[in-house]
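This briefing is intended for a reader meeting the structure for the first time. Please keep the sequence and the model at hand while reading the points below.

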Amino acid sequence: MSSAPQKDQIGPKVLDASFVLGVPAVAKMPPPTLTEVAFAGRSNVGKSSLLNTLMQRSGLARTSGTPGCTRALNVFQVKLSDDKQFHFVDLPGYGYAKVSKAEKISWGAMIEDYLRERPSLRALFLLVDARRGIEEDDLQLLDFMAVARPKESCRVHVVATKLDKIVRAKQKPAVEAIKNMAKVPVIGFSSETGAGRDELWRRIEKAAQHVDDDA
Ligand SMILES: Nc1nc2c(ncn2[C@@H]2O[C@H](COP(=O)(O)OP(=O)(O)OP(=O)(O)O)[C@@H](O)[C@H]2O)c(=O)[nH]1
Ligand SMILES: [Mg+2]
């Protein structure tokens with residue numbers, strides 16, 4: 001499944017982007033042949049919207065006003081004009097109140113197994129709502145990654161989403177507040193305006209090259 005490129009976007013040129021498959025377990029993932037980047041965060045935080053913005057394809061990753069929309073490890077393949085290729089993985093949102101306890105436990109285990117075991121995973125972007133900041137579930141995921149993956153094997157970043165929902169004068173302070181809490185780099189982002197898209201791509205390409213630019 002491919003869809004038409006969005007116009008007027010900055011950052012690297014995305015030649016092609018397509019949905020590969022959605023799987024219920026890391027064992028069913030495609031072979032780890034491409035640099036992989038995953039996107040995690042609370043339900044409804046804007047993961048699928050961010051993926052569409054990055055890939056310049058509206059509607060490729062399914063977005064919804066109904067939290068809990070993404071229920072599998074959804075894999076996309078992205079090809080840039082310089083021939084670089086990536087797998088992007090849209091992870092199920094956590095913290096969604098309306099799913100059963102059993103379902104929550106199985107999603108949590110699926111996400112953790114994937115993050116711990118996937119050899120080609122080079123970067124994880126943890127999305128938090130810029131208005132809410134880093135919450136308990138997010139801290140748990142950051143702590144999990146600090147133990148599960150050495151920084152050389154997988155870079156972790158926090159993305160503060162829906163920046164457009166904050167009045168302009170308060171955007172920078174909101175991102176700064178998140179920076180003060182996170183022990184990893186923080187990027188402000190909006191899929192409405194495209195703010196932060198360039199910076200995200202830069203981080204993705206750096207993580208793929210193992211270049212340390214976090215200082
Ligand atoms: N204003 C604004 N709305 C956004 C932005 N990003 C996402 N949204 C909206 O927030 C809702 C949830 O977005 P999704 O991208 O589906 O969120 P998700 O994190 O993939 O959600 P799950 O798959 O349920 O975990 C949708 O109604 C989006 O249109 C943003 O940057 N700005
Ligand atoms: Mg989603």
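The buried residues of α2 are covered by elements including β1 (14-23), β2 (35-41), β3 (73-80), β4 (85-90), β5 (121-129) and α3 (136-148). Helices (H or I, at least four residues) and strands (E, at least two) are DSSP runs, numbered from the N terminus. This is a predicted model, in which local features need pLDDT of at least 70 and side-chain atom pairs count only at pLDDT 80 or more, while totals for chains, interfaces and linings use all residues. Residues are numbered from 1 along each chain as its sequence is written, and side-chain values use heavy atoms, with hydrogens and water left out.

**Helix α2**
- The buried residues of α2 are W107, M110, I111, Y114 and L115, where buried means under 20% relative accessible area, exposed over 50%, and partly exposed in between (1.4 Å probe, protein chains only).
- These residues lie on the same side of α2, because they cover an arc of only 120° around the axis; the arc is that of the directions from the helix axis to the C-beta atoms.
- An α-helix has 3.6 residues a turn, so residues three or four places apart point the same way.
- On the face of α2 turned away from its buried side are the exposed residues K101, A102 and I105.
- Helix α2 comprises 17 residues (101-117) and reaches 24 Å from its first C-alpha to its last, close to the expected 24 Å at 1.5 Å a residue; the expected span is 1.5 Å times one less than the number of residues.

**The chain as a whole**
- Five helices and seven strands make up the elements of the chain, and from the N terminus on they run β-β-α-β-β-α-β-α-β-α-β-α.
- Of the 215 residues of the chain, 49% count as buried.
- Among contacts (heavy atoms within 4.5 Å) between residues at least 6 apart in sequence, 73% join residues at least 24 apart.

**Loop residues**
- D83 is placed in the loop between β3 and β4 and has a positive phi of about 80° although it is not a glycine.
- D83 counts as exposed because its relative accessibility is 55%.
- K162, in the loop between β6 (155-161) and α4 (168-181), has a positive phi of about 60° and is likewise not a glycine.
- S190 is found in the loop between β7 (186-188) and α5 (197-209), and counts as buried because its relative accessibility is 1%.
- Not counting residues up to four places away in sequence, S190 touches K162, L163, D164 and A195.

Notes. Chains are lettered from A and ligands numbered from 1 in the order in which they are written.
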